[in-house]
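Reader: Could you walk me through the pockets, the helix packing and the side-chain contacts here?

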Amino acid sequence: MDNFEGTRAVVTGGASGIGLGLATALIEHGAAGVVLADIEADTARSAAADLSGTSGVQVVGVGCDVTDPDSVEALRSEADRLLGGVDVVCLNAGVFAGGHVWETTDDDWDWVLGVNLRGVVNGVRVFVPPMVSAPTPSQVLITASIAGVVAAPASGVYCTSKFAAVGLAESLHHDLALVGAEQVSVSVLCPGMVRTNIAKGDRNRPADLQDATVSDATALAAAGIEDTMGRGIGPVEGARNAIAQVCDGRFYVSTQPVELWERLVGNENDDRLAGRPPRFQMYE
Ligand SMILES: NC(=O)c1ccc[n+]([C@@H]2O[C@H](COP(=O)([O-])OP(=O)(O)OC[C@H]3O[C@@H](n4cnc5c(N)ncnc54)[C@H](O)[C@@H]3O)[C@@H](O)[C@H]2O)c1
């Protein structure tokens with residue numbers, strides 16, 4: 001979509017960071033109503049009250065666990081009830097775990113793939129069919145990561161989940177074209193480093209998935225993230241960049257100016273074309 005005037009949006013992981021930034025940017029682009037959906041229901045409600053107060057737009061916080069298909073169905077019903085329909089869905093909720101690939105625990109895999117991949121799958125299953133049926137323009141924005149295109153060390157489970165999210169977004173684009181649903185646009189958001197709460201994501205780790213990888217590599221990944229993220233862009237500024245790039249008709253959008261995407265992905269593609277192993281690149 002190149003215009004969000006009057007649209008009704010749902011943002012998962014909307015209580016914090018990039019999700020809250022996306023809600024803010026959509027409102028600046030004319031969105032008429034936004035639901036902030038998050039596993040932290042209270043934080044979502046208080047963030048929604050703040051954003052509604054500053055913008056004058058209807059913003060509502062709703063509790064939702066994106067790993068649970070029933071919870072995502074319930075979110076859709078609640079958004080329909082509150083907003084009268086959904087034109088924009090930002091499938092953005094995500095978590096991080098670090099560690100070498102060979103030592104990453106089953107619980108790490110289940111938690112990270114559950115939120116970052118199955119969460120997106122659940123969102124697509126619930127929100128896309130009504131968009132395909134409706135004649136009006138709509139937008140799906142899937143938050144992956146630059147780590148979904150350019151892998152990083154000590155982050156295998158996260159990179160795997162984000163490469164999968166990019167693949168899913170590309171497939172979704174093809175499927176919509178196949179059925180002639182040109183009114184439904186898809187973009188995949190591949191943020192660089194953004195100053196958010198993701199390094200404290202463990203706060204939402206389910207009780208039955210607590211067996212986390214604890215190793216020097218994990219500590220290194222966490223420290224690297226904290227350090228690089230400190231030099232990252234602010235979440236609202238990053239989300240403004242992302243929504244502006246969606247409006248420009250880009251499929252791959254970033255929280256950073258497109259020049260960073262071009263440099264990092266250009267280097268990655270050079271290595272792939274030459275058959276070389278990927279070089280290590282900082283996301284900045
Ligand atoms: N911060 C970065 O530098 C960066 C870089 C690339 C990609 N991303 C991606 O951006 C997205 C947003 O992350 P962020 O950096 O704003 O982090 P954040 O921790 O500030 O926000 C993530 C939100 O997701 C919510 N969440 C976690 N599990 C959930 C679940 N099961 N169901 C519903 N909500 C859940 C959290 O409560 C939180 O509000 C994620 O997909 C992340 O992987 C972030």
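**Pockets, packing and contacts**

Author: Keeping in mind that this is a predicted model, we can begin with the second largest pocket, which has 15 lining residues, with Phe 96, Ala 97, Gly 98, Asp 202 and Thr 218 lying nearest its centre.

Reader: OK, and how much space lies in that second largest pocket?

Author: The space in the second largest pocket comes to about 250 Å³.

Reader: Which helix gives the most to its lining?

Author: That is helix α6, spanning residues 216-230, which contributes 4 residues to the lining of the second largest pocket. Sorted by class, the lining of this pocket holds 7 nonpolar, 4 polar and 4 charged residues.

Reader: Which residues line the largest cavity?

Author: Its lining is made up of Ile 146, Cys 190, Pro 191 and Gly 192, together with Ser 254, Leu 260, Trp 261 and Leu 264. In terms of class, 6 of the residues lining the largest cavity are nonpolar and 2 are polar, with no charged residue among them.

Reader: Switching to helix packing, at what angle do α3 and α4 cross?

Author: Helix α3 (residues 69-83) and helix α4 (residues 106-133) cross at roughly 35°, and their axes come within 9 Å. The crossing of these helices, α3 and α4, is right-handed.

Reader: And which residues in α3 and α4 meet?

Author: From α3, the residues are Pro 69, Val 72, Glu 73, Leu 75 and Arg 76, and they meet Asn 122, Gly 123, Val 126, Phe 127 and Pro 130 in α4. The residues of this contact between α3 and α4 comprise 6 nonpolar, 2 polar and 2 charged.

Reader: One more thing, where does Gln 183 lie?

Author: Gln 183 sits in the loop between α5 (156-178) and β6 (184-189).

Reader: What does the side chain of Gln 183 reach?

Author: The side chain of Gln 183 reaches two backbone oxygens, that of Met 131 at 3.2 Å and that of Val 132 at 3.1 Å.

Reader: Leaving aside neighbours within four places in sequence, which residues is Gln 183 in contact with?

Author: With those neighbours set aside, Gln 183 is in contact with Met 131 and Val 132, and also with Ala 134, Pro 135, Thr 136, Pro 137 and Ser 138.

Notes. Residues are numbered from 1 along each chain as its sequence is written. This is a predicted model: local features need pLDDT of at least 70, side-chain atom pairs count only at pLDDT 80 or more; totals for chains, interfaces and linings use all residues. Side-chain values use heavy atoms; hydrogens and water are left out. On a 1 Å grid over the protein atoms alone, a cavity is a set of points where a 1.4 Å probe fits but cannot get out, and a pocket is an open set with protein on both sides within 12 Å along at least five of seven lines; lining residues have an atom within 4 Å of a point. Grid points are joined across faces, edges and corners, and a volume is the space filled by probe spheres set on the points. Helices (H or I, at least four residues) and strands (E, at least two) are DSSP runs, numbered from the N terminus. Ala, Val, Leu, Ile, Met, Phe, Trp, Tyr, Cys and Pro count as nonpolar, Asp, Glu, Lys and Arg as charged, and the others, Gly among them, as polar. Axes are lines fitted to C-alpha atoms, for helices over the stretch in contact, and angles run from 0 to 180 degrees between N-to-C directions. A crossing is left-handed if the near helix is turned anticlockwise from the far one by less than a right angle, and right-handed if clockwise. Contact means heavy atoms within 4.5 Å. A polar contact is a pair of N or O atoms within 3.5 Å; within protein, one must be able to donate a hydrogen and the other to accept it, and residues adjacent in sequence count only if both atoms are side-chain atoms.
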